[in-house]
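Morning, everyone. I have one model to go through, and I will start with a single side chain before turning to the whole chain. Please have the structure open.

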Amino acid sequence: MSAASSVPAPGPTSAQASASASAQAPGVAELEAQEVRLTLRQFTYDDAWTLGCLLVELARERNAPVAIDIRRGPQQLFHCALPGSSADNDAWIDRKRRVVERYGASSLLVGTRFRAKGTTFENSSRLDPDFYAAHGGSFPLAVEGAGILGTVTVSGLPQAEDHALVVEALERLCG
C-alpha cells in the first residue's frame with residue numbers, strides 16, 4: 001500500500017456540503033405544510049418524554065451519532081447524547097433552537113426561505129452565526145390554540161437528515 005493510498009480522501013467543502021444538503025431538503029411549501037400538519041393537540045411533560053424516546057429509538061436503529069434536545073419555553077425537558085455525538089452537537093442544538101425561537105419556524109425552513117430569495121441566512125439575517133444557525137434539525141412544538149410552546153432539536157447528521165428525523169418522530173407522536 002502506497003503512502004498516497006493510505007491518506008483519506010478529503011471530504012466535501014462546506015459549500016459543497018451545504019449545496020448537497022439543500023438539494024436533498026424539501027422546499028419552502030413542503031416545509032410550511034409540515035409545520036401545519038405537525039401542530040399538536042397538547043404538549044405535556046409525558047409527551048416530551050415520549051417524543052424524546054421515539055427520537056432515541058429511531059437514532060439507535062440507524063446508528064445515528066446525534067444529540068437530542070426538547071424544550072418547553074426555556075425549560076429543558078429531555079436531552080440525550082448518543083455514541084458518536086460530542087459537545088459540538090450541543091452547541092449546534094443551541095444555535096438552531098435560537099433560530100426557531102426567533103423566527104417561529106423550523107431552522108431548515110428559515111434557511112430555505114433565505115436561499116429561495118437568492119441569499120443565505122449568514123449573509124442576510126444580520127445575526128451572529130456564533131449564536132444562530134439556520135441549519136435543519138430544530139422544529140417548533142406548536143399546540144392548537146396556544147401557538148409555539150417549545151422546540152425539538154437533533155444535531156449530528158447532515159441538516160436535511162436531522163430535520164427528517166425530527167419530522168418522522170413528530171409524525172409518530174401525532175399518530
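Look at Phe 114 to begin with. In this predicted model, Phe 114 has a relative accessibility of 15%, and because the cut-off for buried is under 20%, Phe 114 counts as buried. Phe 121 is buried as well.

Now to what these two rings do with each other. The ring centres of Phe 114 and Phe 121 lie 5.4 Å apart, and the planes stand at 90 degrees, so this pair is edge-to-face. Anything over 60 degrees goes into that class.

Phe 114 has another ring partner, Tyr 103. Here the centres are 6.4 Å apart and the planes are at 85 degrees, so this pair is edge-to-face too. The cut-off for pairing is 6.5 Å between centres. As for location, Tyr 103 belongs to helix H5, residues 87-103, while Phe 114 belongs to helix H6, residues 107-116. The two are 11 residues apart, and their pair links distant parts of the chain.

Is Tyr 103 buried or partly exposed? With a relative accessible area of 34%, Tyr 103 is partly exposed. Taken together, Tyr 103, Phe 114 and Phe 121 make up one aromatic cluster. In the structure there are four aromatic pairs, and I have described two that involve Phe 114.

Next, the chain as a whole. The protein has eight helices and four strands. Reading from the N terminus, the order is α-α-α-α-β-β-α-α-α-β-β-α. There are 175 residues, and 43% of them count as buried.

Last, a pocket. Rolling a probe the size of a water molecule over the atoms shows where empty space is left. The second largest pocket has a volume of about 160 Å³. Which residues line the second largest pocket? They are Thr 39, Leu 40, Arg 41, Gln 42, Asp 47, Glu 144, Leu 173 and Cys 174. By type, the lining divides into three nonpolar, two polar and three charged residues. Among the charged ones are Arg 41 and Glu 144, and Leu 173 is one of the nonpolar ones.

That is what I have for today.

Note on methods
Residues numbered from 1 in each chain as written. Predicted model: local features only at pLDDT ≥ 70, side-chain atom pairs only at ≥ 80, totals over all residues. Heavy atoms only, no water. 1 Å grid on protein atoms, 1.4 Å probe; cavity = no way out; pocket = protein on both sides within 12 Å on 5 of 7 lines; lining within 4 Å. Points joined across faces, edges and corners; volume = space filled by probe spheres on them. Buried < 20%, exposed > 50% of the residue type's maximum accessible area, 1.4 Å probe, protein only. Phe/Tyr/Trp six-rings, centres within 6.5 Å; stacked < 30°, edge-to-face > 60°.
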